[in-house]
Amino acid sequence: MAQNKAEIMQKNAAPAIKSLTGPILIFLLGVFFFVLAGRLDENPVEGQLGAFFWPRAILILLMFSCGFKVLESFKGFGKGVADTGLEAPPTQANMGKLVAMIVMLLAAVVSMEMIGFPLCNFLFLLLFMRIAGLKKKVHLLVISVLGTILLLYIFVKIVYLPLPKGQWFFTDFTIFLYRVLHII
Amino acid sequence: MLDQLALLGMGLGNLFDPLNFSMILVGLTVGVLAGALPGITMLNAIVLVLPFTYLMGIVPSLLLMTSVYCGGVFGGSITGILFNIPGDPMNVPTTWEGFQLNKKGFVSKALGMAIMCSAIGGFMSALIMTVASPPFAKVALSFSSSEYFAVVFLGLASVVVIGTRSIGSALISLFIGLFLATIGMDDIYGVPRFTFGSRIMETGINFTTALIGIFAIGEVLEQLSQKNKEGVIERFRPKTTLPRFGEIWALRYTILRGLGIGTVIGAIPGTGATVASFVSYGVEKQVSKHPEKFGTGVWEGLAASETSINGSVGGAMIPLLTLGIPGSGATAVMMGAFLLHGIQPGPLLFNKSPEAVYTIFVGMLVCNLIMILAGLITAKFFSELMRVPENILSAFIISFCLLGAFALRNDMTDVWFMAIFGIAGYLMRRYDLPSPPLILGLILGPLAEKYFLTTMIGCGNDWTIFFCRPVSGSLMIISIGLLLMPFLRGLLKKGKKEMAVP
């Protein structure tokens, strides 16, 4: 029985340590912001709780929750995986694809204001669909072009959303495109 | 009573006017579509149709806006069930269960159940609104900031019942959300908090960006990054199947609870459908015989959420019509429509413009019946999108998310936050940190802080006020009970196990 428990604890050690990393990091961040809040609250209103009472109370509760999570992990340490609250190993992720998609997403946000929404969206659709697995070049081009035009009609012509037009010569390009498509 | 019936008859007669009836149809369609698209919320749709009402009379104007309201609160559940993208924060609990039901292969019935529960909730609450407006309004008027805080606290306490696998993780996620909600300019004292000197950060984090990022982007990243997964997946075309009477009857208590919670919370100014939806879901989970199944695709969770959302619509109209106090953001815009036509909502409205009021009552009743048809048509339209290969659909989902985030305030900051929350949403899924409590904290955090601090300022920092007033005291005790329930259940289980061992 004791040997069984030791075996279970050994098996659970790695996932338990992994599950503790998050709460500990969050706890440390909580401490950082709590100290920061104390320094920012330079002129508290007399007789009132002040602007930083609520965030500091929340941060204290957050730190307690991290401690509670650590206790939960230790409590389940000697039990089977099903009782620990530790998730079964998640499905394997294709890291290359994941990183590429995240980079594409961030690049789209960065470039939207620089090159304008129409060009940004066209390039994003083209490259994202390619990363996601669509291989035929004709399909990629046609879907990207038609999709961008459809989105422009819906959001610029009908909803009147002032989408970013871009900077430098991209502004002129975007306006030219809107005129060609009779959006403006 | 006879007078009321006569006025209702007059209202029904007004509905057969072609302009009035067409306003209901147009409003429903616009509302459902707007509610379904993340970033283009029901509230935006009501604001967009307001200018069109300048040229109309008061009756068609209000019918148009109430139809947009009714359709809009339902619309977000369609994309929530089909794509795990709630159209509005109020549709988050529906998404939790609806999308899981979709994964299990019950998408047709899930859509049908959402439509029927919405229609039942909306219809019944409109009936309650018609009959019980004055007494409801008196109760709502007696609420002060301590009662409002207690209602919001009840909503926050429901997070514990959401955290199935780990209460610690659910609490961490909730408090992260509550903390993020404090970033920006403080509402009470006007002090910038955690802005690091950035003017952009002073506007704070809009919870819709977190919603779109965590649910939509997080889901796309999760799905497409799975190893050994083909990029092109055979897509099917789901139909919408309305539930049979027996299936609705089996959920009658759930629907009644959702209706009651939705109507009461909707009638309290400043709360609205979002709070109603979360509270109803949380309560349903607590009373369920199998609470551990919530989050895996449970009909009761879907029904509770949808009924309460549409139930809150009738509730929100009560203080608007009887007291001139809007019960929600949408009814605040509708108040603008009243004033535009020179009508002051309030106690005298029933005397001065009874025809208009009762036409609105009948209009809402009819609207919720027609919503079944509008819901079926719109669900079919969105269901067609399910045939599109995943790699194409995902790219467009992200494009829509970028547009939706930008549309909130026409500011790239929101787009940045959405992207960051999207990546965070993926990481939260990978490391078993539940995202719904974070969203809940972001949505309800500002309300909780405002009502708490207002109460403290008014009562000289005496926190016992929350327990001394009957309504807030009762709600606080219920909330604390909800928080302690999982631990008490665990102790009870342990006790039973020990007693069973000889």
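The model is predicted. Chain A has 184 residues and chain B has 502. Contacts between them involve 53 residues of chain A and 51 residues of chain B.

**Chain A**

- Chain A is built from seven helices and has zero strands, so from the N terminus on its elements run α-α-α-α-α-α-α.
- Of its 184 residues, 29% count as buried.
- Among contacts in chain A between residues at least 6 apart in sequence, 61% join residues at least 24 apart.
- The mean pLDDT of chain A is 82, with 78% of its residues at 70 or more.

**Chain B**

- Chain B contains 21 helices and two strands.
- Of its 502 residues, 59% count as buried.
- Among contacts in chain B between residues at least 6 apart in sequence, 79% join residues at least 24 apart.
- Helix α2 of chain B (residues 18-36) has 19 residues and reaches 27 Å from its first C-alpha to its last, close to the 27 Å expected at 1.5 Å a residue.
- The buried residues of α2(B) include B:Asn20, B:Met23, B:Ile24, B:Gly27 and B:Leu28, and also B:Gly31, B:Gly35 and B:Ala36.

**Contact between the chains**

- On the chain B side, 51 residues are in contact with 53 residues of chain A.
- Five helices of chain B each supply at least two residues of the side that touches chain A: α8 (167-180), α9 (207-224), α17 (390-409), α18 (412-430) and α19 (436-458).
- The largest share of that side, eleven residues, comes from α17(B).
- By class, the side of chain B that touches chain A has 30 nonpolar, 13 polar and eight charged residues.

**Largest nonpolar core**

- The largest nonpolar core has 193 residues, and the members that touch the most other members are A:Leu62, B:Val152, B:Cys401 and B:Ile439.
- Helix α6 of chain B (residues 107-141) gives the most to this core, with 15 residues.
- In chain A, domain 1 (2-84) and domain 2 (95-180) both give residues to this core, so it lies between them.
- Not counting residues up to four places away in sequence, B:Ile439 touches B:Pro89, B:Val92, B:Gly177, B:Phe207, B:Ala210, B:Leu211 and B:Ile214.

**A:Gly30 and its surroundings**

- A:Gly30 lies in helix α1 of chain A (residues 2-40).
- A:Gly30 counts as buried because it has 24 C-beta neighbours inside 10 Å, where 20 or more are needed.
- Beyond four places in sequence, A:Gly30 touches A:Leu59, A:Leu62, A:Met63 and A:Cys66.
- One of these, A:Leu62, is 32 residues from A:Gly30 in sequence, and the two are 7.0 Å apart in space, C-alpha to C-alpha.
- A:Leu62 is also among the residues that touch the most other members of the largest nonpolar core.

**B:Ala273**

- B:Ala273 is in helix α12 of chain B (residues 273-287).
- B:Ala273 has 32 C-beta neighbours inside 10 Å and therefore counts as buried.
- B:Ala273 and B:Asn391 are 118 residues apart in sequence and 34 Å apart in space, C-alpha to C-alpha.

Definitions and conventions: Residues numbered from 1 in each chain as written. Chains lettered and ligands numbered in written order. Predicted model: local features only at pLDDT ≥ 70, side-chain atom pairs only at ≥ 80, totals over all residues. Contact = placed C-beta atoms within 7 Å. Helix = DSSP H or I, 4+ residues; strand = E, 2+ residues; numbered from the N terminus. Nonpolar A, V, L, I, M, F, W, Y, C, P; charged D, E, K, R; others polar. pLDDT = per-residue confidence, 0-100. Core = buried A, V, L, I, M, F, W, Y, C linked by C-beta atoms within 7 Å. Buried ≥ 20, exposed ≤ 12 C-beta atoms within 10 Å, placed from the backbone. Domains from an automatic or database assignment. Expected span 1.5 Å × (residues − 1).
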